[in-house]
Amino acid sequence: MTNNKKPYVKPTIIKLQSGLMNKFGVSPYYARKVRSNIDGVSIEELTKQFGSPLFVFSEKTIRNTIREAKEAFATRYPNVTFSWSYKTNYIDAINAIYHQEGSIAEVVSEMEYDKARKLGISGENIIFNGPHKSIPALKKAVQEGAKIHIDHFDEIDDLETVAAELNKEIPVAIRLNLDSGIQPQWSRFGFNLESGQALDAVRRINMGGKLRLNGLHCHIGTFILEPNAYKTQTEKMVKFAYELEDMLGISIEYFDIGGGFPSKSKLKGTYLPPDVSVPPIDNYAEKISQGLFNALKPGHFPKLYLETGRGLIDEAGYLITTVFASKRLPDGRKSYVLDAGVNLLFTATWYKFTIETDREMQGLGEPALLNGPLCMNIDILDEGSMLPPMKRGTRLILSPVGAYNVTQWMQFIEYRPAVVLINENQVEIIREKEDLSDILRRERLPKRLRLA
Ligand SMILES: *Cc1c(COP(=O)(O)O)cnc(C)c1O
């Protein structure tokens, strides 16, 4: 016999929070939703086996999302390739899934380049972006046939040095920044189109005679909620390519329009839930193909690369964390100490996560703080959600956390937890929990400082 009577909860008096008038609005992010499992594997089983905190990725969601995105583009433009943005999440197993799904690699540093090569990706299937590429890194990438996207004039000089050393012409692309209507405009990377800087860069490349421009790249930002910006962007890029053809006889073989598609995540300070405010991938595909068809000459279908990161992985990632303690702050607010904080969820700075619990919660909700384990005031994962009283040991499941967290996490005072991948009820470790040997591996203690 089960006892269905609800447990007694002590009455509490709290200050009235005036709904929409309060600073944070009503949060749809904690709706007393219970999540007992991820893809059929129970939260209890996961934490019993792998501990808490724990990052969990759903292979099914990853594959479904990339397949849906590929379909959205393939049905509209005949020559599209996805290039997985490594910095969004570069755990080998995650990269491997995207590569199995037909994506090439997009890297922004030598470390990421090496990681892709080690995984077995050939140079030709790597797009090498980023503002900091050393001459040795460029040389290696050129020898291995990578697609190099130039960020600034100094890099043109560096690549010419490499071309001279290797005695060969190097095919290159340049990164553009341009006004697509998105504010603030990202102008830090690449050459500005409207000011004429991009044309100067192409002239400079031509004059040197050692590099051959064959591609144009532009990444307008991240979490772009306006599909039309991509239409403006592609039209401008194609128009520029034809100008280069007319003026300088240059033939652009590919366009790379970067990433930036949003996930169903919620930016702080926005009020609409993501299901309402985040346009579906089809809207982006539609605007981009409109932009291409408006500007391209009939019958001309140059290669289109997409470097989508966040939009493909974010929803596939969950963090399970446990209530370790709770306390009442002097200002009356309730604070929960969790075993995970901003050390693991760097994106908490900008995004509000969906909060679910592993069990039904009883009792009156009150605005509470979710704090992490760090000895730092800024270690706040959530602020202002109406949370019921939570006992020690309650598991919280935060999502979506698949993008940028397992690359931007930091080791500060704690070990990083395990990362697991669920594939058809099977759970596999894709990154082990750290231990002291990870911390000590690179340290060297001079003999004279050794204690006894
Ligand atoms: C970060 C980055 C991406 C991926 O951006 P998302 O917003 O995650 O889609 C793509 N291209 C370049 C050059 C980047 O730096």
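These legends accompany close-up views of a predicted model. Local features need pLDDT of at least 70 and side-chain atom pairs count only at pLDDT 80 or more, while totals for chains, interfaces and linings use all residues. Residues are numbered from 1 along each chain as its sequence is written, and side-chain values use heavy atoms, with hydrogens and water left out.

**View A. Helix 4 and its buried face.** Here we look at helix 4, residues 110-119 (helices are DSSP runs of H or I with at least four residues, strands are E runs of at least two, and both are numbered from the N terminus). Its buried residues are Glu112, Tyr113 and Ala116 (buried means under 20% relative accessible area, exposed over 50% and partly exposed in between, with a 1.4 Å probe and protein chains only). Seen down the axis, they fall within an arc of 105 degrees, so they line one face of helix 4 (the arc is that of the directions from the helix axis to the C-beta atoms). They pack against strand 5 (104-107), strand 6 (126-128) and helix 5 (135-143). Just after the helix comes Gly120, with a positive phi of about 110 degrees.

**View B. The two sides of helix 5.** Ala137, Leu138, Ala141 and Val142 are the buried residues of helix 5. Their arc around the axis is only 130 degrees, which puts them on the same side of the helix. Pro136 and Gln143 are exposed on the other side. The cover over the buried residues includes helix 4, strand 6, strand 7 (147-150), helix 6 and strand 8 (170-177).

**View C. Helix 6 beside helix 7.** The axes of helix 6 (residues 153-166) and helix 7 (residues 197-208) come within 11 Å and cross at roughly 15 degrees (axes are lines fitted to C-alpha atoms over the stretch in contact, with angles from 0 to 180 degrees between N-to-C directions). The two helices are therefore roughly parallel (angles under 35 degrees). Among the residues making the contact are Phe153 and Ile156 of helix 6 and Ala201 and Ile205 of helix 7 (contact means heavy atoms within 4.5 Å).

**View D. Val342 in its loop.** Val342 sits in the loop between strand 15 (334-338) and strand 16. Val342 counts as buried, at 12% relative accessibility. Leaving aside neighbours within four places in sequence, its contacts include Ala348, Leu374, Ile380 and Met410.

Notes: Parallel < 35°, antiparallel > 145°, perpendicular 65-115°, else oblique.
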